[in-house]
Amino acid sequence: MSITRIPSRYVIVILTFMCTCVCYIERVGFSIAYTVAADNEGVSQSSKGTILSTFYYGYALSQIPGGWAAQKIGGRRVLLLSFILWSLTSALVPLDPNRVITLVIARLLVGIAQGFIFPSIHTVLAQWVPPHERSRSVSLTTSGMYLGAAMGMLLLPSLVKFKGPQSVFLFESCLGGIWCVLWFKFASDPPRSNHPKAAASGFGESLLPVKDGQRTKNEKVSKIKIPWGKIFLSLPVWAIVVNNFTFHYALYVLMNWLPTYFELGLKSSLQEMGSSKMMPYLNMFLFSNIGGVIADHVITKKIMSVTKARKVLNSVGFVVASVALIGIPYFKTVDGVVVCSSLASGFLALGRAGFAVNHMDIAPRYAGIVMGVSNTAGTLAGIIGVGLTGQLLETAKIMDSDLSDPDSWKPVFFIPGLLCVLSSVVFLLFSTGERIFD
């Protein structure tokens, strides 16, 4: 079937799914390639943590500007420019652990560029997706992160082994370039004249950037100022922020340090683990979409209100993930850790059907802005979580020089496990599924 016969909003969702998939192939790829190159040069765990967390400084800086830019000039354009910037940076940077300044600058640039992506995606989806398809559309889009991570974990260690770490950067840049061509060719803004669901549901027309010469009386709403004060003082927004922080703390610790745990704590080579190393991310892909389908079903069939559906899915996801995270270092075998990390990852992704879709429930017109605010917190979690884990492991080396004792890793997984419980309580107390920003 020709892509032109697929409804336009489905094309947009598919392309944004591919976007997040490629982005996370890049993130996992850098972690794998840099870890191999750094280990070959004898770089310390704390120095590795610093370089791995540099990305998140740039990512944090551009989240709110990304939401603002998407609101003002359109998420479609911002998304394309962001992809072009990070793809070119990855193609041109040399992977040499001894060239620290070059790597820091490159990772900052990639972080800044990718920081514009998720606020832009939420702005685009708010324009295109009707409320009854919202949960599964956002869940499918974000599940691309996990499929990308799974593919990266499965394929990239072999690419590093046979072609060297630098080949990963070139591969990622090619994927980025291919996506840019597809987005440029097939992505569009919703037509104003034949988008009735937009006017009826508070998305679409009123969210599109409008040139002054095209403005009508009915489009005065686009001149409304962004309610920054109300956003920053809103308890439902802060419930999303807290849960976004916790989700990304756990995710980034697993993404950046689980490979090291397999290598050092369990003495298992990633190349020898086969497909099992991708199971946590494949589980996230599956559970993310399951959560989206469940949420839309119970809401559409009026089994639960939007508020109750978000709270139930968020709570179930985070509480089960907490138990699984804390259990990881108690298993002494690769299979046990794969099962535990897969459960933790899968239920974290299920929880996204709660907090991660909630931006579009409470603020469809400012979804990109609220996403930028909450994702800034998620990015700070990357800076804190990845860097802190490196420091914890350096401290643990005093008693366990090669980090081969799983007990040395207990604080690494206990912290995100505790955060999951606390943030689920916050979401239960303060979140809502009702629209609170006009």
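Which residues line the second largest cavity? The residues are E26, F30, S90, V93, A106, R107, V110, F169 and E172. The model is predicted, so local features need pLDDT of at least 70 and side-chain atom pairs count only at pLDDT 80 or more, while totals for chains, interfaces and linings use all residues. Residues are numbered from 1 along each chain as its sequence is written, and side-chain values use heavy atoms, with hydrogens and water left out.

**Cavities**

- A search of the whole structure finds 3 cavities of 30 Å³ or more. A cavity is a set of points, on a 1 Å grid over the protein atoms alone, where a 1.4 Å probe fits but cannot get out; lining residues have an atom within 4 Å of a point. A volume is the space filled by probe spheres set on the points, which are joined across faces, edges and corners.
- The largest cavity has a volume of about 60 Å³, and its lining consists of R27, F30, S31, L52, F55, Y56, R107, M255 and N256. Two or more of the lining residues come from each of α1, α2 (45-73) and α10; helices are DSSP runs (H or I, at least four residues) numbered from the N terminus.
- By class, the lining of the largest cavity comprises 5 nonpolar, 2 polar and 2 charged residues. Nonpolar covers Ala, Val, Leu, Ile, Met, Phe, Trp, Tyr, Cys and Pro, charged covers Asp, Glu, Lys and Arg, and the others, Gly among them, are polar.
- The second largest cavity holds about 50 Å³ of space. At least two residues of its lining are supplied by each of α1, α4 (100-115) and α7 (166-186), and α4 gives the largest share, 3 residues.
- The lining of the second largest cavity divides into 5 nonpolar, 1 polar and 3 charged residues.

**Aromatic pairs**

- The structure holds 16 aromatic pairs. Rings of Phe, Tyr and Trp (its six-membered ring) pair if their centres lie within 6.5 Å; planes under 30 degrees apart count as stacked, over 60 as edge-to-face and the rest as tilted.
- The pair of F30 and Y34 is stacked, because the ring centres are 5.5 Å apart and the planes stand at 5°. Both residues belong to helix α1 (residues 8-40), where they are 4 residues apart, about one turn of the helix.
- Both F30 and Y34 are buried (under 20% relative accessible area, with a 1.4 Å probe and protein chains only; exposed is over 50%, partly exposed in between).
- F247 and F355 make a tilted pair, at 5.8 Å centre to centre and 50° between the planes. F247 lies in helix α10 (residues 235-265) and F355 in helix α13 (residues 334-355), so this pair ties together parts that are 108 residues apart in sequence.
- One aromatic cluster is formed by F55, Y56, Y59 and Y252.

**Charges over rings**

- A charge sits over a ring if NZ of Lys or CZ of Arg is within 6 Å of the ring centre and within 35 degrees of the ring normal.
- R107 has its charged end over the ring of F30, 3.8 Å from the centre. R27 lies over the face of Y59, at 4.6 Å from the ring centre.

- F355 counts as buried at 0% relative accessibility, and F247 is buried with a relative accessible area of 0%.
- N314, found in helix α12 (residues 306-327), is buried with a relative accessible area of 0%.
- A polar atom of the N314 side chain lies 3.3 Å from the backbone nitrogen of F355.

Key. 1 Å grid on protein atoms, 1.4 Å probe; cavity = no way out; pocket = protein on both sides within 12 Å on 5 of 7 lines; lining within 4 Å. Polar contact = N/O pair within 3.5 Å; in protein donor to acceptor, adjacent residues only side chain to side chain.
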